[in-house]
Every structure is written in C-alpha cells, then in structure tokens.
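Please look through the structure shown below with the following explanation at hand.

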Amino acid sequence: MTTSTDSQKKQLVVIGNGMVGHHFIENFVASETSDEYDIHILAEESRAAYDRVHLSEYFGDSTYQDLCLVEDNFYETHGVQLHLSEGATQIDRDTKQVITEQTSYPYDKLVLATGSYPFVPPIPGNDGDACFVYRTLEDLDKIQACAKDATTGVVVGGGLLGLEAANALKSLGLKAHVVEFAPRLMPVQLDEDGGELLKKKIEALDVDVHCNKATSEIVPGEEHTYRMNFSDGTFLETDLILFSAGIRPQDALARSSALTIGERGGIVVNDHCQTSDEDIFAIGECALWNNQIFGLVAPGYTMAKTAVAAIIGNLENDTAFTGADMSTKLKLLGVDVGSIGDAHGKTPGSLSYRYLDEDEQIYSRIVVSEDRTKLLGAVLVGDNSKYDTLLQYALNGIDLPEKPQTLILPSFDGASAPTLGPDALPDDATICSCLNVTKGQICCSIDEGAASVADVKEVTKAASGCGGCAAMLKNLVDHELEKRGVEVCKDICEHFAYTREELYHIVRVEGIRSFSDLLTKHGKGLGCEICKPAAGSILASCWNEHVLDEPHVGLQDTNDRFMANIQKDGTYSIVPRIAGGEITPDKLIVLGQVGKKYNLYTKITGGQRVDLFGAKLHELPLIWKELIDAGFETGHAYGKSLRTVKSCVGSTWCRFGVKDSASMAIDLENRYKGLRSPHKIKFAVSGCTRECAEAQSKDIGVIATENGWNLYVCGNGGMKPRHGDLFATDLDDEMLVKYIDRVLMFYVKTADRLQRTSVWMENLEGGLDYLKEVVLNDKLNIAAELEAQMQHVVDTYQCEWKTTLGNEDKLKQFRSLVNTEEQTDPQIVHIIERNQVRPV
C-alpha cells in the first residue's frame, strides 16, 4: 500500500523526529518554497519531538508537555503529516520510496535524521531486566519504575551523558556510582587535572566514582541484584545499571540502502549534507562529515539549516556546513564544567597556563598559540564565569592580552580580569551556538525595530535553546540599544524612576509605610499593576503589617487580596500550613471533614501539604474559621513568601538519618513563615546525604552531616530547574539560622521584582563568591542589620486569616453578591471525576 499524494506537489519525507529533525521542519516550512512540497515525518517514538538536552528534568517536576518542542497545532498549521510509532524499515532508491510496516511513502527528497543509539559494551550479562540505556522518555519511564525497588544504581560511562544519568539516579533516591573505563571523568573534554578535580567535587556530593575500571562480567549479586566484576579483580554490587558509554550513529537504514557509510559508521555527507545519493540528505548524529560525527545538538541544527538551503536550491557558500565548534558549558550535578576548542593542548607548539585552587576547588587552563596571541582551547572546572569571554577569544581569533594568564588568574589587588565588551566582538561572532545566531544578526534585528531582549529573541530565536548565552545576549542588546541613543530603562514602571532595589531602600531608610506616601514623595501618577504589588511586597517585607489593612489592601493582586489562589473556574484553593509535612491524625480528620462538608477537591502537594480546591469566595472565611479553630494557620500559598519547608523524617525514624531533619524543618518554617519577598521561597531539610527531601533543588536547602548541617542556596525547580550551590558546611543550629537570616534578607533587600533567588544570585556581580563574602565574612558590615530585620519579621508574625476573621470590615470583601444572602455563582459548575469534583 502506498500513501495517496497530491500529484501537483513534490514529496519530502523526513525519517526521524528528534530535536534535529524537528528543527529541519521548522526551517523548511519557513522557506518560500515549502508550499511546493507534501511533507511526511516518520517517527519511531510514540511522542512528538522533545528536548533531550534537558531529559533529566523528567525525573523532577517536568512532564513530556514541558519538554515537548512542537507548538500546539504547528504541524497541522503547516500541512505537515507526522506519523508517530511508524519507523522506516527500508529505502527503495530505485523507485524512490520509503517503506514502513504499515505502508510506503514516495519521495522526491529524503532527509535522514535518525540520530544515534547508545553504545552498550559487549559485557556478559548486560541484558538483565534492570540494565538500561539513557536515551528516550520510554527509557526514563522504565528506569523510574525499577528505581522504586532499588537502593543502589551504577552508571557505566563517565562522560557528559553518564554524569547526567548519575544525577538522575541520585534524584530518584538511589546511591549512585559512576564506572569509567578511562583514567578520568569526561576524558574527551577535560585534561587530567580537570578530571581529577571534577571527580573530587562529584564524590563530595555522595556519588562514588570508579575510574580505570573495565567491567568483565555482570552476574547475580549477593546483597543486591547484580555484581559487576572488574578486570582488576574488584567488584561492585548494584540493583540497577545504566549504560551511558557513548553513542553510535543510527545508520542501519542507510547501510541497507547502499548509501556510503564511514569506516567506523555514520552516513557520509558533503558540505551540503547530501549523501552519496543527491536526493537523500543526512543531518545530526547519524551524519559523518569530514570523518567526524557531531554529538551535540548545535551542529545538528546547523546541518538542518544547510539541508533546507540545499533542497530549496540555495547552494551558496554561506549555507554550506563546514564543521562546528564542540565547546561545552555545563552544570553537572551542580558542578560548573567548561571545555573549549583544543582543551588538551594537542596543537604543535602550543603553550598552556594552569590555575588550581584546591581550597576553593577551582581549576582553569588555557591553551594558547606558540606566539601567545591566540586562544586555542580552555578547561574550566568549578567556575564557568570566564567561559563566555574565553569562548569569544577562541571562536573569533581575537588577540590575547599581553599576559594571557590574567584571563584565568584571580585578582588579589582589586583589578578585574580582562573582559571582552560587545564592541570587541566582530559581527560574525556567534552569540547563540545552539541556533547559530551571530552578533551581526542581533544588531540587524535591533536596526529593524527590536527594542528589547524579548524582541530580539522573538526575531532571532537567540537564547531559546539551552539558554547558556542569555547573559551575553542581554549585555549585547543593552549595549547596542545605548549605542543607538536608546535609553535602556531599568525603572520598575512609568510611575517610579527607580528599580525595585532602590524603592526598597527608600521605604526602609525613610520609614515609609504606605503606597500613597511613597507615590507622593518619589513617584508620579496613580500607580499601576506593576508598581502597586511590588510596593505592597516591599512594605510587607519591611514592616510586616497585614496585607488587608486599609493602606495596603488596594495594592494586592487577586491571590493576596483574597488570601487564596484563584483557580481557572473562579473558585479558590485552601492551603493550611503543615510545617515540615508533620500533621497529627486529628488534624488530618479535620481536613477530611472540611473537604467533605464543602465538597472540595483534595490533593497532597509536592511540598508536603494538603490542598483543598473548589472553595467559593464566600466560603473562604467559613472554611478558615473551622481550620483555625482546629489549630491550623494560613500556609501563605497565595503570597510571594515562604511556601513550605519540606523534610524527611530524619534520625527520628530513618535508620540512615544522622540528624533530626523534621524538627529542624518545623523550626525553620515557623521562623520564616509570613516573610514577604520578591518571589516565592521554598526550603527543604534532609536528614542525611541520601537527600530524600530534595534540598538541593530549593531556594534554601539544608542537609545533615555527622558534624552539623550543610547549607545550599539558590536552587529551584520549575520551568528552568537549578541545582543549589553549597554555601557553608558543618554548621551548628545557631549559625545555620544566622546565615539563612542574612541570605534571605539580603535577597529581599537587593533582588529585582519577581526574581527567584537563583536568578538573583546569578545576576549579582561576583555571584556565589560575592554572596559568601557578604553573608559569611560580613564584607558590607550589614550582618547585624540583616539579622535584626529578620527578627522583626519573626516577632511581628500574624496568621493573616486569623486576623481577618476577627475584623468585620475585612470580611466584607468575601461576599460575591452584596444585595442578597444567596451567594451561589451559577457560572461555577463541577463534575465528578475519580470520586472528586473538578471544573467542567
């Protein structure tokens, strides 16, 4: 059977719907000749293209929908037919047809985007039920299911993907091991010193690393599922094995079709990504160009654009594929790693400069040309702050400073390291390597009307890939706008010629206690939906007065105004505080009774609380009256404030716990509850390094050690997860609280509006190191002030709902209809699903 086609159109078939295959489609449908083709995509997987770069986030808060690269109705809008779970089985080049198990598809042009497959070393016993690869969402589903009954996991392979996989196992609660055949981790990207430091830093995170290990066999274990026997006579037992020992090009289909294949695999392509058949193209990890396979997504994207240009007949030199930069900037298990160009110094005559700080655990190496004028390569471990500057030196052949070592040496005399300003970059400097966006293209978009970073991103797509170039993009855009006479406005809004931080200082120093006074003295107009909530948050942070007091109630957004999160059907959620996740049976019964009485949908949250959904506006005071009478208080789920302090049971119950994490979590939540801040804040406390509370993904994370508490700061989950940074170690209870006081109040004092702690710290000049100087060493001499300000917040805490219930004026706003006792809203309609209500 052959699919029916439009005889007036040419046929384009794409085999593969990974990141590169999808990028090809995005570029092709944007071309002027796309209407000349019927387009079919054949995909082996059951789900449309998704982001494999951030695959490990699937084990966190991300779902397939979060990772999916295909916008709603994108393929339908552009007339592209996507055939999921329909892989190609044969290419008939004589009749120009692609054959699947279901049917066949004629083609005029064929694109192979088949990617790669994980290499599994030929070890006896490698096919066990708990042996996996780390490639697709289906693989991750299997790993997650197996991990439920496991305690230990091993990753075979210490490269980029191997360390990502180890992080995934750790996030699943397993004790993680990495087994690497080479003498160091990441042998392709790092030199010996860099690999050794990375090993130390990862082992400090409770991941055991075994280098120089060749697995000879996998047999049943005695205490765990498997025993891995190594060639040196040692062994390791584990419940789960992940193979991440490299990739191989997926070239079987091309090979069976007699296309030219490289000696070690890969579909041979020319500079236009054409195979040995001029009507067949290969892009991404399956393609072999100049005897090279490119295992990063950015070169694949460039190949996709090249193939589009060739198919539509644009065979100009600037569309040819001429290789790709394989530099990488990563954060592996929270550790900064960077590798640029000739990282190993293999260029004849090259010289190296190295800097190793064993105390701070930072390693930097640059490789320069024999005449010391050009940067050839670099290795960075522990600190990537110099990566962007070094990359531009390397990519653009920019002359080095007279003393190249100053690029990596720390400054002890107050002088800053040499940096490259935007003007030093040539127009062809690549700013976004994922999508190959140059400085010239960004400047052109500004010349054509783009007036902000958001505008530039929309036009050029820069920073919409991995996001690693976002800071450089902002610097460039701001600089170019200022060069054109455009003032780069940093004011919070048109009513105040100040940033959020400046407004905070004005309120604090002048003792301003109302928005009207702030507006009269320092603003203009009436205020807006930007400055009013921001000012309301600042006033609450400074003075901690009730948000529904007369001077403040008009500043609040809907959630704060009604002290409940509004839902899509106009009802509200009820979230009482359950400090540390600890709750008595009596209180659980009350929650059940309230949920049943008011017909509420109930759900356990990721923050160890119970959410009650579906409350109508007039019911909020009634429900909270019952909850407060039972001993509950507001959980502040509606506010930009402390949400939860998640915890494990710690040493109280767990045989692995070394400290009482539950008590610490409850103490911290009770201390910081009600603290208003630029954005929501989440804590977690783990009783040991097994990290069941996931503390390293929180704004404030605390992990018990034999000698005290380790403090992590500025992590977060959400759309752009960030691993928290280790801030201080082996703290006693008193110092832990002092440091948290200082970090949080410094954040409240200096962060931008709606800025998470992770973004705030990354935007601080000096980042983590500067924050340590301020908090640990009191560099600004404000530690006592920060502690006193936090103590004021603690001393003035009030349960906002309890206060509201005692004030008739405040209760008036919870009536939906003022001219009748009947408060039912006919527009709110629920149905029953899984024995609970949900909105229609």
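In which loop is Asn-544 found? This is a predicted model, and in it Asn-544 sits in the loop between helix 15 and helix 16 (558-562). The backbone there has a positive phi of about 60 degrees, although Asn-544 is not a glycine. Most residues other than glycine have a negative phi. Asn-544 counts as buried because its relative accessibility is 12%, and buried means under 20%.

A second residue can be set beside this one. Gln-608, also not a glycine, has a positive phi, near 65 degrees. Its place is the loop between strand 29 (601-604) and strand 30 (610-615). With a relative accessibility of 23%, Gln-608 counts as partly exposed.

Helix 15 leads on to a packing contact. Helix 15 (residues 531-543) packs with helix 13 (residues 500-510) at an angle of about 45 degrees, and the two axes are 10 Å apart. That angle makes helix 13 oblique to helix 15. The crossing of helix 13 past helix 15 is right-handed. Helix 13 contributes Arg-500, Leu-503, Tyr-504, Val-507 and Arg-508 to the contact, while helix 15 contributes Ile-538, Leu-539, Ser-541, Cys-542 and Trp-543. Sorted by class, these residues are 7 nonpolar, 1 polar and 2 charged.

Next come the nonpolar cores. The largest of them has 153 residues, and those with the most contacts inside it are Ile-15, Phe-24, Ile-25, Leu-112, Leu-198 and Ile-283. Helix 8 (residues 297-311) supplies the largest share of this core, 8 residues. What does Ile-283 contact, leaving aside its neighbours within four places in sequence? The partners of Ile-283 are Val-20, Phe-24, Val-111, Leu-112, Ala-113, Cys-273, Met-303, Ala-304 and Ala-307. Of these, Phe-24 and Leu-112 are also listed among the residues with the most contacts inside the core. Apart from this core lies another, of 61 residues, among them Tyr-504, Leu-518, Cys-531 and Ile-740. Tyr-504 also belongs to the contact of helix 13 with helix 15.

One more residue remains. Ser-445 lies in helix 10 (residues 439-447). Is Ser-445 buried or exposed? Ser-445 is buried, since its relative accessible area is 4%, and the cut-off for buried is under 20%. Not counting residues up to four places away in sequence, Ser-445 touches Ala-450, Val-456, Val-459 and Thr-460.

Methods:
Residues are numbered from 1 along each chain as its sequence is written. This is a predicted model: local features need pLDDT of at least 70, side-chain atom pairs count only at pLDDT 80 or more; totals for chains, interfaces and linings use all residues. Side-chain values use heavy atoms; hydrogens and water are left out. Axes are lines fitted to C-alpha atoms, for helices over the stretch in contact, and angles run from 0 to 180 degrees between N-to-C directions. Helices (H or I, at least four residues) and strands (E, at least two) are DSSP runs, numbered from the N terminus. Angles under 35 degrees count as roughly parallel, over 145 as roughly antiparallel, 65 to 115 as roughly perpendicular and the rest as oblique. A crossing is left-handed if the near helix is turned anticlockwise from the far one by less than a right angle, and right-handed if clockwise. Contact means heavy atoms within 4.5 Å. Ala, Val, Leu, Ile, Met, Phe, Trp, Tyr, Cys and Pro count as nonpolar, Asp, Glu, Lys and Arg as charged, and the others, Gly among them, as polar. A nonpolar core is a set of buried Ala, Val, Leu, Ile, Met, Phe, Trp, Tyr and Cys residues joined through side-chain atoms within 4.5 Å. Buried means under 20% relative accessible area, exposed over 50%, partly exposed in between (1.4 Å probe, protein chains only).
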